[in-house]
Amino acid sequence: MTFRHRLIFACLVSLLAFLPARMTAANENRPPNFVVFLVDDLGYMDIGAYNPDCFYDTPNVDRLAASGMKFTDGYAANPVCSPTRYSLMTGKWPTRAKATNYFAGKRAGKFLPAELIDRLPLEEVTIAEALKKKDYATFYAGKWHLGPTEEFWPEKQGFDVNAGGHDRGGPYGGKKYFSPYGNPRLKDGPDGEHLPDRLADETIQFMQQNKDQPFLAYLSFYSVHTPLIAREDLRQKYAEKAKQLNIPNNERFAQESKWPGYEKQPIRVRQDHAIYAGMVEAMDLAVGKVLEALEEQGLADNTIVFFTSDNGGLSTSEGSPTSNKPLRGGKGWVYEGGIREPLIVRWPGHTKPGSVCEAPVASMDFYPTILQLAGAQPQPGQQIDGESLVPLLDGKEPSERALYWHYPHYSNQQGFPGGAIRQGDWKLVENYENGEVQLFNLRDDMGEQHNLAGEQPDRVAKLRTKLHDWYQEVDAEFLQAKPNGPPAWKPGE
């Protein structure tokens, strides 16, 4: 080898040694990617990481929990979908915007429901719009349910790509969970293609196309919302599993009252619904597919993953496919079964794998968390009610704060119109039909079976005052009297 060749060879070796260091530095300075998994109607007890006796197989979500932080006291901002989705998009209590029921559900009971909106206003700064200011590519797949017409759908709210998000709350067109979908924002695939798998593929394609810039990939499953339809192979798997459990019919449901003095109704107390189980596993398989793609594309180490649901499991109506026990009630109820959620965050290099956080947190906390992690700032004067989870993800002590719920409606799931406040271990529940309250210690009684209101009048008064002050702060609306009917209860009466 001549001197000239040796010189060239030495220069190449030096260059190759230098490039990885420069590439590593570039990656370290690049803002993180975000993948958000939002599952529709998934209950707290529907995941193996939260329920060791879960009937449904969720190995991919369980591995996600084992690789990140599991929040044991994570909450949806509301017991039904649209308000919680509003909070995720804006970081606000949905009550501030009169987004207090699914868009736009108005059912009357003893009284008329409160007035509500039926859209995410364009004036709101969504999480996608906030990240666009930091040069993020933004993607949305699946259920939207935040606007009645296309001018309020994802592509008008900061998302570059919208794969399947429109006005409907479920996959009600075509063959529903199978192609042809009849979805105005999702081209049909091959006949029989399964929707959860298709949404995962759309997400993976977006990540591949945008891997050279920071991105937000927001996968909002239509699963596991009704209609209850599963892949036949998965239905058969769980039908056999249910057969082996051999649960008698009289042990699947129990009669419970939604409030003292109200008529009792059936609530599912055992998990063995084969179709629902197949829907849960198909969702889990889609999550696994996206997480595997992050690894294959070399993106996992710089991608922060969030996983949650929009309300509690469906246990009291519409087929009552799941059980939330030991939690009380389910979707459409302000008891824990309607609002406590699986909530998992994986922040590589920061969250300790397999860590557990018991601090009460909620869906509106995603917004300020993602902004902080992306190095973004709220707009001047922008209202954000959530608190960043970053200190908790770094293992720091939680702040002492209260969480609130406001549901002035008669739910499709037979729940009562009501509100609630949680501070520390204590939760106060208020019935909007009559102003009665219940008090529970969730550390000792997460099933809310022992009402301590009569034993702790001072605590009741303190929490109720705090709850009513919050109603005023967010300008909460309440039930209305029917024409010629009795007057409706209002706070302070």
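User: What makes the approach of the backbone nitrogen of Phe55 to the side chain of Gln271 a polar contact?
Analyst: The nitrogen lies 3.1 Å from a polar atom of that side chain. A polar contact is a pair of N or O atoms within 3.5 Å; within protein, one must be able to donate a hydrogen and the other to accept it, and residues adjacent in sequence count only if both atoms are side-chain atoms. The value of 3.1 Å is within that limit. The side chain of Gln271 also has a polar atom 3.1 Å from the backbone oxygen of Ser323.

User: What kind of model do these values come from?
Analyst: The model is predicted: local features need pLDDT of at least 70, side-chain atom pairs count only at pLDDT 80 or more, and totals for chains, interfaces and linings use all residues. Residues are numbered from 1 along each chain as its sequence is written, and side-chain values use heavy atoms, leaving out hydrogens and water.

User: Where does Gln271 lie, and is Gln271 buried or exposed?
Analyst: Gln271 lies in the loop between strand E7 (264-268) and helix H7 (274-296). Helices (H or I, at least four residues) and strands (E, at least two) are DSSP runs, numbered from the N terminus. The relative accessibility of Gln271 is 11%, so Gln271 counts as buried. Buried means under 20% relative accessible area, exposed over 50%, and partly exposed in between, using a 1.4 Å probe and protein chains only.

User: Which residues is Gln271 in contact with, leaving aside neighbours within four places in sequence?
Analyst: Among them are Met45, Asn51, Tyr56, Leu245, Ile247 and Thr322. Contact means heavy atoms within 4.5 Å.

User: Why are H6 and H7 called oblique to each other?
Analyst: Helix H6 (residues 232-245) packs on H7 at an angle of about 125°, with the axes 8 Å apart. Axes are lines fitted to C-alpha atoms, for helices over the stretch in contact, and angles run from 0 to 180 degrees between N-to-C directions. Angles under 35 degrees count as roughly parallel, over 145 as roughly antiparallel, 65 to 115 as roughly perpendicular and the rest as oblique. About 125° falls in the rest, so H6 and H7 are oblique.

User: Which residues make that contact, and how do they divide by class?
Analyst: H6 brings Leu234, Arg235, Lys237, Tyr238 and Ala239, and H7 brings residues including Ala274, Gly278 and Glu281. They divide into seven nonpolar, one polar and three charged. Ala, Val, Leu, Ile, Met, Phe, Trp, Tyr, Cys and Pro count as nonpolar, Asp, Glu, Lys and Arg as charged, and the others, Gly among them, as polar.

User: How do you know that Glu281 is buried?
Analyst: Glu281 has 10% relative accessibility, so it counts as buried. Glu281 lies in helix H7. Leaving aside neighbours within four places in sequence, Glu281 is in contact with Asp57, Leu234, Lys237 and Tyr238.

User: Are the axes of H5 and H7 roughly parallel or roughly antiparallel?
Analyst: The axes of helix H5 (residues 195-209) and H7 cross at roughly 15° and come within 9 Å. The two helices are therefore roughly parallel. H5 residues including Pro196, Ala200 and Ile204 meet H7 residues including Ala286, Val290 and Leu294. By class, this contact has nine nonpolar, one polar and three charged residues.

User: What makes H2 oblique to H7?
Analyst: Helix H2 (residues 59-67) and H7 have axes that cross at roughly 50° and come within 7 Å. That angle makes H2 oblique to H7. Pro59, Asn60, Val61 and Leu64 are the H2 residues that meet H7.

User: What makes H3 mostly covered?
Analyst: In H3, 10 of its 10 residues are buried. The cover includes strand E1 (33-39), H4, strand E3 (137-142), E5, E8 and helix H9 (366-374).

User: Why does Lys98 count as buried, while Gln414 is partly exposed?
Analyst: Lys98 has 18% relative accessibility, so Lys98 counts as buried. Gln414 has a relative accessible area of 34%, so Gln414 is partly exposed. Phi of Lys98 is near 65°, a positive value in a residue other than glycine. Gln414 has a phi near 75°.

User: Which residues does the cis peptide bond with omega of about 5° join?
Analyst: That cis bond joins Ser223 and Val224. The peptide bond from Lys325 to Pro326 is cis, with omega near 15°.
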